[in-house]
Structure formats: structure tokens, C-alpha cells
Amino acid sequence: MTDLFFWLGTTGGFGILVLLALTSIAVVAFFGRDGQGERMWPRLIAPALAAVLLTLIVVLAVQNYATLLGVPAGSAAAWILPAGYALVFVIGLAWGSLLKARKPQLFAAIGLGAYAVTGQLAPSATETVS
């Protein structure tokens with residue numbers, strides 16, 4: 001039981017590192033298309049630097065995952081646990097591709113939050129603001 005909590009806690013921390021690295025890459029991609037009036041440092045340089053450094057940390061964590069878990073090198077847990085994130089990533093990409101191909105309206109509404117029902121980025125002109 002102790003190993004289970006330690007291993008899953010370590011794997012959760014690793015997942016946060018992966019999410020931070022991917023978010024930094026997403027910021028660079030988003031502001032690379034549209035600067036939205038931001039200066040170069042906050043929109044491209046800082047996120048790109050963060051992406052490089054966080055990706056380096058993720059690579060080092062994967063290479064030393066057995067040490068992080070406290071298991072012998074080559075242990076199955078040292079590659080199965082981080083590989084779970086890669087598997088979920090691939091499944092998510094496949095699911096997104098499937099939605100885009102088969103249900104383009106549903107795919108277009110992803111990320112619209114409360115406006116996903118209407119498929120609009122803002123309230124319609126007929127809605128009243130209270």
C-alpha cells in the first residue's frame with residue numbers, strides 16, 4: 001500500500017510536469033498565430049524558454065524514473081507508469097481526430113465553455129444581460 005501511494009503520487013507529479021510543458025508549447029503556438037498586442041517577452045520568449053526547460057525536466061524525469069520511484073533500474077513500474085501518459089495522449093488525439101471527421105459541429109464547439117450549446121464565442125444579440 002505504501003508503494004502504491006508513493007508511486008501514484010510521483011506519477012501525478014510527473015503528469016503535472018508534462019502538462020506544464022505542453023501548456024508552454026501551446027502558449028507559444030497560440031501567440032505565434034496572433035500576438036494580440038502583447039510584447040515579445042511575455043508572448044513568445046518566456047513561454048518558449050519555459051517550454052524548453054520544462055521539456056528537459058520531463059526528459060530527465062523519464063530517464064531517471066526508476067530512481068524517482070525507488071525501484072531497480074529496468075523495473076516494469078519505471079516505464080509503465082510514465083508510458084500511461086503517452087497512451088492517454090495518443091487516445092485523446094485519436095478521439096479528437098474521430099470527432100473532427102465524424103462530428104465537425106461538436107468538434108468546433110470544444111473549448112467554447114458555456115457557449116458550447118449555441119456554438120458561438122459570445123452571447124447572441126437576442127440574449128439579455130442581467
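In what follows, Ala, Val, Leu, Ile, Met, Phe, Trp, Tyr, Cys and Pro count as nonpolar, Asp, Glu, Lys and Arg count as charged, and the others, with Gly among them, count as polar. The structure described here is a predicted model.

**The largest pocket**

Rolling a probe the size of a water molecule over the atoms shows where empty space is left. The largest pocket in this model has a volume of about 280 Å³, and its lining consists of 15 residues, among which V18, L22, Y85, A86 and F89 lie nearest the centre of the pocket. Sorted by class, this lining holds 13 nonpolar and 2 polar residues, while no charged residue takes part in it. Three helices, α1 (2-33), α2 (40-63) and α4 (77-102), each supply at least two residues of the lining, and α1 gives the most, with 7 residues.

| Pair | Angle | Distance between axes | Crossing |
|---|---|---|---|
| α1 and α2 | about 150° | 8 Å | left-handed |
| α1 and α4 | about 40° | 10 Å | right-handed |

α1 and α2 pack at an angle of about 150°. Because angles over 145 degrees count as roughly antiparallel, α1 is roughly antiparallel to α2. In this contact, residues of α1 including F14, L17, V18, L20 and A21 meet residues of α2 including R43, L44, P47, A48 and A50. By class, the contact of α1 with α2 has 19 nonpolar, 3 polar and 1 charged residues.

By class, the contact of α1 with α4 has 6 nonpolar and 3 polar residues, and no charged residues.

Methods. Residues are numbered from 1 along each chain as its sequence is written. This is a predicted model: local features need pLDDT of at least 70, side-chain atom pairs count only at pLDDT 80 or more; totals for chains, interfaces and linings use all residues. Side-chain values use heavy atoms; hydrogens and water are left out. On a 1 Å grid over the protein atoms alone, a cavity is a set of points where a 1.4 Å probe fits but cannot get out, and a pocket is an open set with protein on both sides within 12 Å along at least five of seven lines; lining residues have an atom within 4 Å of a point. Grid points are joined across faces, edges and corners, and a volume is the space filled by probe spheres set on the points. Helices (H or I, at least four residues) and strands (E, at least two) are DSSP runs, numbered from the N terminus. Axes are lines fitted to C-alpha atoms, for helices over the stretch in contact, and angles run from 0 to 180 degrees between N-to-C directions. A crossing is left-handed if the near helix is turned anticlockwise from the far one by less than a right angle, and right-handed if clockwise. Angles under 35 degrees count as roughly parallel, over 145 as roughly antiparallel, 65 to 115 as roughly perpendicular and the rest as oblique. Contact means heavy atoms within 4.5 Å.
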